[in-house]
Amino acid sequence: MIKISEFQLKDVVNVSNGKKLGNIGDIDINIQTGTINAVIIGGAGKVLGFFGRDEDIVIPWKNILKIGEDVILVRHKDSNMLNIAEEDA
């Protein structure tokens, strides 16, 4: 069993590019079934948070590959990677 507070301390790493995405800020839970639908990583603040934030990253539960002692490995394709792929095509 893992506590939510422990879950939020782990770094989330994208296995597609090895990039650290951040830490889990919230969890989307289906209250009818009691299952976790997704984890949400809060967007980074811009200029000390005064000028808004980047969009939150939502990782569906099915895209979580491994929960380790220190990190959570996920598969995530961000919109920047998709835009670059489209430009190359």
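Strands (E, at least two residues) and helices (H or I, at least four residues) are DSSP runs numbered from the N terminus, and two strands pair if DSSP finds at least two bridges between them. The model shown is predicted: local features need pLDDT of at least 70, side-chain atom pairs count only at pLDDT 80 or more, and totals for chains, interfaces and linings use all residues. Residues are numbered from 1 along each chain as its sequence is written, and side-chain values use heavy atoms, with hydrogens and water left out.

**View B. Strand 1 pairs with strand 6 in the parallel sense.** Four bridges join residues 11–14 of strand 1 to residues 71–74 of strand 6. Val 12 has Ile 72 in strand 6 as its bridge partner.

**View C. Phe 7 and Trp 61 form a tilted aromatic pair.** A search of the whole structure finds one aromatic pair. The ring centres of Phe 7 and Trp 61 are 6.3 Å apart, with 40° between the planes. Rings of Phe, Tyr and Trp (its six-membered ring) pair if their centres lie within 6.5 Å; planes under 30 degrees apart count as stacked, over 60 as edge-to-face and the rest as tilted. Phe 7 lies in helix 1 (residues 4–9) and Trp 61 in the loop between strand 4 and strand 5, so the pair ties together parts 54 residues apart in sequence.

**View D. Phe 7 is buried, whereas Trp 61 is partly exposed.** The relative accessible area of Phe 7 is 4%, and Trp 61 has 33% relative accessibility. Buried means under 20% relative accessible area, exposed over 50%, and partly exposed in between (1.4 Å probe, protein chains only).
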